[in-house]
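The following exercises are to be worked with the sequence and the model in view. Each task is followed by a solution in steps.

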Amino acid sequence: MSVTNALMRRGTELAAAHMQLSDKPEQQPNGGLVALFAITAILIAVAFWAVEYTYGMVISTLAAVEDTNPDIYVRIIPNPDPTKPSNVEDPDLVAATPLKPITSKLRTTVKHLRSRAGFWSRFRGMGMFIAYTAARGFLSSLIPVATTSYLKQFVIQSFLSVLLATWQMAWVHIVISEPSPKRFYQRIPSYKTWVKIAPAAALQDVLTAAAFFIPMAIANFAGWLDVAGSQDVPPMVAIYRFMGASVVPALLAFLISMPARVIFVRVAASMLPEEDETIVPFDRSFGGKVSPAITGGSGKIGLMDAWTTFDWAACVRFAKVIGKTVAMEVALFTFAALVLGGQVFWIFRTAKPIDSDAPGMKISWE
């Protein structure tokens with residue numbers, strides 16, 4: 001989240017800086033085309049968010065905790081209707097049907113969630129996610145730091161992530177458990193739990209932030225990102241240069257965040273309250289690695305054990321979920337680039353020159 005926000009803010013600042021430097025004739029665009037562009041951009045943004053949240057966050061979290069060979073399997077019944085006869089419980093059919101983990105397919109997982117938690121189950125945990133995002137944004141606003149101060153951004157974003165570790169943990173508990181009558185804020189653990197989850201949060205968020213912000217700080221120091229003040233560089237070229245220099249840090253942060261994310265999710269899942277039923281099969285004891293707190297144990301799995309108990313089959317399932325999510329986002333990005341790019345081109349082609357003193361919307365050629 002901190003990586004995405006940094007890229008978006010910096011890209012917007014570059015575009016704004018270059019548009020202000022323009023000394024070319026002002027143009028008045030067609031209002032209808034501008035409105036169409038805004039609506040299209042909003043719809044595409046919502047689609048990106050839905051794909052990322054449902055598949056990149058919810059389903060990947062379930063894949064990180066589901067047991068590959070559970071003692072009890074959960075058979076998925078598509079569109080169950082108690083008023084209609086069904087042969088899904090036929091012993092011959094059951095014996096002939098190979099049992100696979102729920103998260104082995106995206107479609108299977110969505111069907112399972114819908115059958116257990118309703119139509120909006122693909123967005124489960126949304127209340128907790130919004131609360132976490134709002135709290136983090138509010139705390140970040142209290143410490144204003146320029147987006148170009150990458151080392152300071154690293155410190156602040158890492159600190160806020162660890163500070164709100166129990167909020168992230170509550171989100172994981174909501175996602176991996178059956179629907180609960182409790183409100184999302186009632187599922188945020190106490191400070192005693194924060195002490196237990198903080199190391200996993202630090203491993204996930206500090207490493208991810210360091211992998212992005214430190215290389216960005218080096219690139220900024222070397223002058224590779226210093227294109228905002230040059231009038232000879234068109235705004236889109238400036239943005240492309242910035243994004244190009246950000247590819248390696250962003251990719252590095254993405255690769256590091258995957259195993260760190262798995263460890264955090266599994267540590268958080270090991271502390272799921274006993275009264276909460278899981279929505280996918282997984283071993284609460286993690287192969288006997290978790291010692292119950294009631295017997296004097298820690299009541300959670302260790303960081304190393306969280307990774308070593310993540311078997312190869314589960315790792316493959318998790319990687320497939322992430323890979324399919326990235327593929328969907330790339331396809332959506334390509335579609336968005338073609339549609340929005342075409343609309344921007346048409347807006348500029350139909351824009352009419354206006355007097356500098358005339359009121360109304362103005363854009364500049366660059």
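**Exercise 1.** Determine whether D276 is buried or exposed, and identify its salt-bridge partner.

Solution. Step 1: D276 has a relative accessible area of 8% and is therefore buried; buried means under 20% relative accessible area, exposed over 50%, and partly exposed in between, with a 1.4 Å probe and protein chains only. The model is a predicted one, in which local features need pLDDT of at least 70, side-chain atom pairs count only at pLDDT 80 or more, and totals for chains, interfaces and linings use all residues. Residues are numbered from 1 along each chain as its sequence is written, and side-chain values use heavy atoms, with hydrogens and water left out.

Step 1: The partner of D276 is R187, and their side chains meet in a salt bridge at 3.1 Å, N to O. The term denotes a side-chain nitrogen of Lys or Arg within 4 Å of a carboxyl oxygen of Asp or Glu.

Step 2: This pair links distant parts of the chain, 89 residues apart: R187 belongs to the loop between α7 and α8, and D276 to the loop between α9 and α10. Helices are DSSP runs (H or I, at least four residues), as are strands (E, at least two), numbered from the N terminus. R187 also counts as buried, at 10% relative accessibility.

**Exercise 2.** Classify the ring pair of Y191 and W194, and then that of F310 and F318.

Solution. Step 1: The structure holds 13 aromatic pairs. The ring centres of Y191 and W194 are 5.7 Å apart and the planes stand at 15°, so this pair is stacked. Rings of Phe, Tyr and Trp (its six-membered ring) pair if their centres lie within 6.5 Å; planes under 30 degrees apart count as stacked, over 60 as edge-to-face and the rest as tilted.

Step 1: Y191 and W194 are three residues apart in helix α8 (residues 191–221), so about one helical turn separates them. Y191 is exposed at 61% relative accessibility, while W194 is partly exposed at 24%.

Step 2: For F310 and F318, the centres are 6.3 Å apart and the planes are at 80°, so the pair is edge-to-face.

**Exercise 3.** Identify the residues of the nonpolar surface patch and the element that gives the most to it.

Solution. Step 1: L251, F254, L255, V326 and V330 make a nonpolar surface patch of about 420 Å². Patches are made of residues with over 30% relative accessible area and no salt bridge; like charges are joined within 9 Å, and nonpolar side chains (Val, Leu, Ile, Met, Phe, Trp, Tyr) within 5 Å. Accessible areas come from the Shrake-Rupley method with a 1.4 Å probe; for residues, only the protein chains shown count as cover.

Step 1: At least two residues come from each of α9 and α11, and α9 gives the most, with three. L251 is located in helix α9 and is partly exposed, with a relative accessible area of 46%.

**Exercise 4.** Locate F286 and describe its phi angle.

Solution. Step 1: F286 is found in the loop between α9 and α10.

Step 1: Its phi is near 50°, a positive value in a residue other than glycine. F286 counts as buried, at 5% relative accessibility.
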